Structures are given as structure tokens and as C-alpha cells.
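Visitor: I have a structure open and would like to learn how to read its side-chain contacts. Where do we begin?

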Amino acid sequence: MTTDLKEICRKYGDRLYAAAFNICRQREDAEDAVQEGLIRLYRSETEFESEEHLKAWLFRVTVNAAKSMCRSFWNRNRTSYEEYMDSLIFEEPSDRSLMDAVLRLPEKYRIVVHLYYYEGYKTREIADILELSENTVKTRLLNSRKILKAKLEGWENE
Amino acid sequence: MNKNEKEYKRSFNTLHLSEDFSERLEARLNDEREENKMNSNTLHGFSRIAAAITACAVTLGVGGVCYAADLGGIRTRVELWMNGEKTEVEVDEDGMGYSWTDEDGEEYGFGGVTVDEDGNEVAMTAEELAEVWNTGCEIKASDGRLNLSYKNLSYDVTDMVNEDGTLRVHIADPLNPYTYFGFENITPDGSYGAYSLDQPEPGAEYIELDAAGLSTEGEAVTRPDNECVGTYTTISED
């Protein structure tokens with residue numbers, strides 16, 4: 001397993017950013033959270049047992065950094081996430097609707113949804129990363145699905 | 001992979017780090033290496049904070065900008081306004097700043113630095129930061145309403161928030177010069193970014209909140225005009 005930070009950034013950077021953006025809904029804050037996660041990895045003396053262990057550790061640290069970032073009591077010259085979304089090139093119009101619907105979910109639901117659908121984590125693994133009970137994760141996932149189903153035509157029942 | 005998963009991935013695959021992210025990471029790493037080499041007492045985690053603060057100061061163009069928050073020592077007792085009451089709180093050092101848990105189990109964190117004349121970051125004392133914390137106000141969501149609290153006063157500001165998620169309020173407090181509060185990106189779940197100023201932002205319209213009954217406890221804030229203060233606070237989600 002590589003310990004080279006650049007390689008790790010190349011491999012996981014965008015994925016960590018997507019998770020952080022899901023929480024912050026703000027590009028600069030999300031990038032700061034990713035940087036914080038990678039810097040903490042650089043400082044860390046944790047012995048990672050596997051690539052999965054490293055990845056889960058990185059997500060936990062980055063998600064926590066993102067939460068701190070978006071709750072920080074300081075000002076930034078922020079742009080709304082809608083403006084940022086205008087600059088993105090979506091493959092299908094429905095992709096934008098989906099992202100918008102997800103970003104409008106309550107904060108505590110968003111990251112659960114993201115780790116489940118984007119990263120493919122199981123509810124038990126999400127509970128470990130977010131330091132929640134598995135039941136809490138399942139409830140949040142269930143509620144999120146209901147909201148997304150109501151908002152998105154193409155969202156299927158699961 | 002089911003349809004929802006496939007479409008979710010396709011949607012969020014449009015998100016990418018900025019092109020200069022690697023460069024900025026490399027620069028930060030170089031700073032870290034330098035700091036390690038020098039074995040200095042510089043506060044590692046605060047480089048980004050200081051950078052953000054500098055950006056804020058430039059954006060606002062005001063020397064007297066104050067950012068509400070807090071920090072402390074290894075374990076320090078400070079008096080903080082919490083949920084409308086002056087409360088003695090024991091704060092623990094946590095690397096970036098300080099944290100504590102209130103009686104409801106809600107976790108709080110805060111930290112901050114000042115920047116001296118030579119551009120060096122200097123950790124604020126717990127007392128200094130408690131003072132900054134106590135001159136700030138916060139918004140919390142409850143039962144679908146947004147409540148703003150300042151010292152011992154509380155206001156329902158749900159209907160005052162602008163469509164773009166901004167709010168500007170002023171609370172006349174003779175003990176605090178930084179009473180022009182700006183909030184950005186307020187969401188129904190109560191997250192936001194905020195700042196306080198010692199004068200109205202040019203062009204901004206402030207809603208005057210009734211300060212009748214405001215606590216007169218404590219001394220007036222006497223922060224030097226040229227002090228560049230940057231602080232942050234965090235509140236747990238669960």
C-alpha cells in the first residue's frame with residue numbers, strides 16, 4: 001500500500017471532495033476539509049492494516065473536518081452551491097436534479113446517503129465511519145429515500 | 001449496481017478538486033516540514049484559519065472585524081453565555097483548539113489565533129477567547145423555527161431571513177462594539193456562516209433587534225483596533 005500522499009490524493013482526492021462537498025455545499029470549505037484530512041494523514045502515526053482501513057480513516061477524518069468547517073463561526077465570501085452547480089457539466093439534466101435534491105436534504109441525512117450510494121459502504125461501515133449506531137444510519141437512509149422518492153421522478157423504491 | 005446508485009454516482013462524478021489543489025497541498029506540506037524542522041511552537045492547524053481570516057479581512061476591508069469564538073489552555077474554566085445563561089465551562093485542549101460537552105451531550109469546539117505585527121500566529125488565551133465568544137450570537141433550529149440567541153436574549157428570526165439565506169441584525173449592547181451581525185447561507189437545519197462588525201456593512205440593511213432586558217453583566221469589550229483576530233467554533237451534529 002502506498003503511503004505517498006500525492007498518490008493517495010490522486011486516488012481518493014475527488015472522492016473525499018465529493019463527500020466533503022456533500023456536507024459543506026461549498027467548494028472552498030470542502031477543499032479545505034480534504035486538505036485537512038490529507039494533512040492529518042501526513043501527521044498520523046496510525047498503522048493501517050489495509051487499503052480499506054486507510055480509506056475509511058480518511059473518510060472519517062475528512063467528514064469530521066467538513067462538519068467543523070461548515071459550522072465554523074467565521075465569514076467567508078461564499079457563493080451558493082446553486083451557483084457552483086451552474087458551472088458543472090452534468091451528463092444528463094436529471095443528474096443536476098438529483099444532486100440538488102440530495103444537497104437539500106438535512107445535513108445529517110446527506111452524508112449517510114452519499115457514503116451509501118456513492119462509496120458503496122454498508123450501513124454497518126457507515127455507522128463506524130460516522131460514529132453512529134447502525135440503527136441511526138438505517139433510519140436516516142430510510143427517511144432520505146422517502147424524501148428523494150417524493151422529489152425525484154426517476155428515484156426507484158428499494 | 002442498482003439504478004439509484006448508478007445515477008447517484010453519475011451525478012456526483014461531476015465534482016472534482018480544483019486544478020491547483022495539489023499545488024496548495026504541496027505548499028501546505030512544505031510548511032509542515034519546515035515547522036517540523038524548526039520544531040517551533042507554531043500552531044500547526046491554524047495556517048489555514050489564518051489564511052481564511054486574511055481573506056475575510058480583505059473581503060470586508062475593515063480593520064475592526066471580529067470573529068466570534070473561543071479557545072483555551074490544557075483544561076481551563078471559562079464563563080460562557082450558553083443558551084441564554086452565563087455558564088461556567090471547563091474546556092479541554094484538543095489539538096486545534098478546545099472542546100467541551102454540555103449537559104445535553106452536545107459537543108462544542110472552538111479555537112483561534114491572533115496575528116502579531118510580524119505576521120506570527122499567536123494562540124489566544126482562554127479568557128480572550130471567552131470574551132470573543134460572549135460577544136457573538138448564534139442561531140439554532142428548533143421545531144421548524146430559527147432562534148437567534150445573544151447573551152440572555154432570544155429572538156425568533158425565522159421570518160427575517162432573506163430568500164438567499166442571509167440575515168443582518170443589530171443589537172444595541174453598550175458593552176460590545178461588535179454588534180452588527182451578518183449571517184450567510186442559513187439553512188432550515190440551522191447551519192450558517194457568520195461574522196460581527198463594529199459598524200454596519202456598507203449598503204447592508206440591518207434589522208434592529210429589541211435589546212430591552214439585555215444583561216449588563218461584565219465589562220465592556222476593549223479589543224485593540226489593530227488586532228487581527230480569527231476564531232472558529234463548532235457544534236456537534238448529533
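Guide: Begin in helix α1 (residues 3-12) of chain B, where B:Lys9 and B:Glu5 are separated by about one helical turn because they are four residues apart. This is a predicted model. B:Lys9 forms a salt bridge with B:Glu5, with 3.9 Å between the closest N and O atoms. A salt bridge counts within 4 Å.

Visitor: Is B:Lys9 buried or partly exposed?

Guide: B:Lys9 has a relative accessible area of 22%, so the residue is partly exposed.

Visitor: How many salt bridges are there over all chains?

Guide: A search of the whole structure finds 29. One of chain A joins the side chains of A:Glu119 and A:Arg15, at 2.6 Å from N to O. The two partners are 104 residues apart: A:Arg15 is in helix α1 (residues 5-24) of chain A, and A:Glu119 is in the loop between α6 (107-117) and α7 (123-130) of that chain. A:Glu119 counts as buried, at 9% relative accessibility, whereas A:Arg15, at 28%, counts as partly exposed.

Visitor: What should I look for in strands?

Guide: In a regular strand the side chains alternate between the two faces of the sheet. In chain B, strand β1 (residues 75-82) and strand β2 (residues 85-93) pair in the antiparallel sense over eight bridges. B:Met82 has B:Glu85 as its bridge partner in β2(B). The hairpin has two residues between the strands, and B:Asn83 takes a positive phi near 50° there.

Visitor: Which salt bridge does B:Glu88 form?

Guide: B:Glu88 forms one with B:Arg77, the closest N and O atoms being 2.9 Å apart. B:Glu88 lies in strand β2 of chain B and B:Arg77 in strand β1 of chain B, so the pair ties together parts eleven residues apart in sequence. Salt bridges with shared partners join B:Arg75, B:Arg77, B:Glu88, B:Glu90 and B:Asp92 into one network.

Visitor: And how do I read aromatic pairs?

Guide: The distance of the centres and the angle of the planes describe a pair of aromatic rings. The structure holds twelve such pairs over all chains. One of them, B:Tyr8 and B:Phe12, is stacked, at 4.5 Å centre to centre and 10° between the planes. Both residues are buried. B:Tyr150 and B:Phe181 form a tilted pair, with 5.6 Å between centres and 55° between the planes. B:Tyr150 lies in strand β7 (residues 145-150) of chain B and B:Phe181 in strand β10 (residues 180-184) of chain B, so this pair ties together parts that are 31 residues apart in sequence.

Visitor: Which residues form one aromatic cluster with B:Tyr8 and B:Phe12?

Guide: A:Tyr116, A:Tyr117, A:Tyr118 and A:Trp155 form one cluster with them.

How values were computed
Residues numbered from 1 in each chain as written. Chains lettered and ligands numbered in written order. Predicted model: local features only at pLDDT ≥ 70, side-chain atom pairs only at ≥ 80, totals over all residues. Heavy atoms only, no water. Pairing = 2+ DSSP bridges. Buried < 20%, exposed > 50% of the residue type's maximum accessible area, 1.4 Å probe, protein only. Phe/Tyr/Trp six-rings, centres within 6.5 Å; stacked < 30°, edge-to-face > 60°.
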